[in-house]
Amino acid sequence: DELISQIAAGEVIERPASVVRELLDNALDAGATQIAVRLLAGGVRLIAVEDDGSGIEAAQLPTALKRHATSKIASLDDLESVGTMGFRGEALAAIASVAETTLLSRTEGAGSAWQLQARTGELQQAARARGTTVQVKELFFSVPARRKFLKADATELAHCVEALRRHALARPDVGFALWHEGKLLEQWRAQPASLPPQQALARRMADVLGEDFLARSLSVAHEEGGVRVTGRAGLPDAARSRADQQYAWVNGRYVRDKVISHAARSAYEDVLHGHRQPVWLLHVQVDAARVDVNVHPTKIEVRFRDSRQVHQAVRHAVENALAASRA
Ligand code: ADP
Ligand code: MG
């Protein structure tokens, strides 16, 4: 069973950044408003994600670590309308099978916090405010073949930062902090709920990607055929040689999607020549029943029921933004 878990883990957990991604998903699903990520050695020695979300009941701590145990959907039908980042119940089990994992959590109204050590099953009373801290130590310590494939700490750290960016750009209403080797690397404050969403996103973008990115991009806001597209589209002169700043989310989940990127790229066809890559940040909102999110273990791919409609909405959204700038 240990072996099966480790093989399954390979699909979900490839490197420290995969752990960061899964733990951030869980923190957001728990309704966190503040999330701190602490890393040692690019995340290889330690990844700790601390949230102020709903917490896990002491009696549920062992369940959270079980394979295919999720509290987020009750039946296959629920997948049709899944509104949470997680639903496969795989991540914590996968992580615990390839690293020293500890859960520390406290729910509202509980007398204290509880800590569960995954390997030994030891449950101890502990102290902390409401929320959850997941600690993951020595990733792949028991799987040398995988550990060997990890890159230099600086590279792993860069991937972790990128994972954090993808979440932070999707949730301006949540505050994020990133610590590495005891030093605060990034801190993005939660935008107030009173700000209109487009403004909150613009501010978060400026924090995460820089004021320059904001200054050289246009606001995108368009709805068509039940597909809502918001975000920013880079000015043609902000195009880059690499496609490294093209971000897309579907219903708040970061995705790599050919339909969206093709549509966005085609909107630039007349204004961008040569091999330059436009930058964009696009949030696509569709009815959950019109998109299948259970395509890939890491959920980075989705399948649209009607991809032509999505293509059209995205293309028009970006075209409109570009046209407005020329008007
Ligand atoms: P999934 O997110 O797909 O449900 P996970 O393996 O990521 O599966 O998590 C298993 C379960 O543990 C979740 O369904 C949830 O009930 C609980 N859980 C994990 N992380 C947290 C957290 N940060 N706060 C509250 N509950 C959590
Ligand atoms: Mg999860």
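How many bridges join β7 to β8? Five bridges join these two strands, which run antiparallel. The legends below concern a predicted model, in which local features need pLDDT of at least 70, side-chain atom pairs count only at pLDDT 80 or more, and totals for chains, interfaces and linings use all residues. Residues are numbered from 1 along each chain as its sequence is written, and chains are lettered from A and ligands numbered from 1 in the order in which they are written.

**View 1. The hairpin of β7 and β8.** Two residues lie between β7 and β8 in this hairpin. Glutamate 181, in the turn, has a positive phi of about 50°. Within the pair, phenylalanine 176 is placed opposite tryptophan 188 of β8. Strands are DSSP runs of E with at least two residues, helices are runs of H or I with at least four, and both are numbered from the N terminus; two strands pair if DSSP finds at least two bridges between them.

**View 2. The open sheet of eight strands.** The strand order is β5-β4-β3-β6-β2-β1-β7-β8, with mixed pairing. Because β5 (123–126) and β8 (183–188) stand at the edges with a single partner strand each, one side of each has no neighbour in the sheet. From one strand to the next, the twist averages 15°.

**View 3. Strand β1 beside β7, with helix α6.** Strands β1 (residues 34–40) and β7 (residues 175–180) run parallel and are joined by six bridges. Here leucine 39 stands opposite histidine 180 of β7. Helix α6 (residues 153–168) packs on the sheet and touches β1, β7 and β8 (contact: C-beta atoms, placed from the backbone, within 7 Å). The direction of α6 makes about 175° with that of β7 (axes are lines fitted to C-alpha atoms, for helices over the stretch in contact; angles run from 0 to 180 degrees between N-to-C directions).

**View 4. Helix α7 and its buried residues.** Helix α7 (residues 197–209) has 13 residues and reaches 17 Å from its first C-alpha to its last, close to the 18 Å expected at 1.5 Å a residue (expected span: 1.5 Å times one less than the number of residues). Its buried residues are Leu201, Ala202, Arg204, Met205 and Val208 (buried: 20 or more other C-beta atoms within 10 Å of the residue's own). These residues pack against α6, β8, α8 (211–215), β10 (227–234) and β13 (280–285).

**View 5. The surroundings of valine 284.** Not counting residues up to four places away in sequence, valine 284 touches Val227, Val229, Ala248, Trp249, Val250, Ile260, Val310 and Val314.

How values were computed:
Two residues are in contact if their C-beta atoms, placed from the backbone, lie within 7 Å. A residue is buried if 20 or more other C-beta atoms lie within 10 Å of its own, exposed if 12 or fewer, and partly exposed in between; C-beta atoms are placed from the backbone.
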